[in-house]
Amino acid sequence: MSDKEQFESVVDNYYNGMYRGDPDLIRKAFHPEARLQGVMAGQSFYGLTRENFCKFVTLMPTPADTDDPHDCKFEVLDLTGDPAVLKITAYVFDVWFVDYLSMLKTDDGWKVVNKTYYGDELPEAPGLHSL
């Protein structure tokens, strides 16, 4: 499988994990030590772990259950040996997000090790601030 096909698989697992509320798909895409940080509606969020992110997707109303509109595109910004950076533009939870995923090629394939994101709105999420 080419690097591009592997990136597509990681992005599919990541995006479908959010869309379906499936933490196992998130775990397939993200390294166990991955960290997430970003800005939503002008509020900064730092140091979210993979497991916190998995909890977040299970707290959200599942967009797949209500057939909510969704969209996801990605591009490879850079690939140098075993590290890579992807840019994802995604619509999920009624919010447009732009994500920058830092990835490393591991023994288990490509994994997200860092996610930096921007969303211009906060999704409706019970317990979002407790993560």
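Reader: In this predicted model, why is K105 called partly exposed?

Author: K105 has a relative accessible area of 36%, and because partly exposed covers the range between the buried limit of 20% and the exposed limit of 50%, K105 is placed in that class.

Reader: What makes D3 and K105 a salt bridge?

Author: The closest N and O atoms of D3 and K105 are 3.3 Å apart, and because the rule asks for a side-chain nitrogen of Lys or Arg within 4 Å of a carboxyl oxygen of Asp or Glu, the pair qualifies as a salt bridge. D3 lies in helix α1 and K105 in strand β5, so the bridge ties together parts that are 102 residues apart in sequence.

Reader: How do you know that R27 and E51 form a salt bridge, and which helices hold them?

Author: Their closest N and O atoms are 2.7 Å apart, which is within the 4 Å cut-off, and the pair therefore counts. R27 belongs to helix α2 (residues 23–29) and E51 to helix α3 (residues 50–59), so parts 24 residues apart in sequence are tied together.

Reader: What makes D99 and K115 a salt bridge?

Author: The closest N and O atoms of D99 and K115 are 3.9 Å apart, and the pair is counted because this is within 4 Å. D99 sits in strand β5 and K115 in strand β6, 16 residues apart, and both residues are buried.

Definitions and conventions: Residues are numbered from 1 along each chain as its sequence is written. This is a predicted model: local features need pLDDT of at least 70, side-chain atom pairs count only at pLDDT 80 or more; totals for chains, interfaces and linings use all residues. Side-chain values use heavy atoms; hydrogens and water are left out. Helices (H or I, at least four residues) and strands (E, at least two) are DSSP runs, numbered from the N terminus. Buried means under 20% relative accessible area, exposed over 50%, partly exposed in between (1.4 Å probe, protein chains only).
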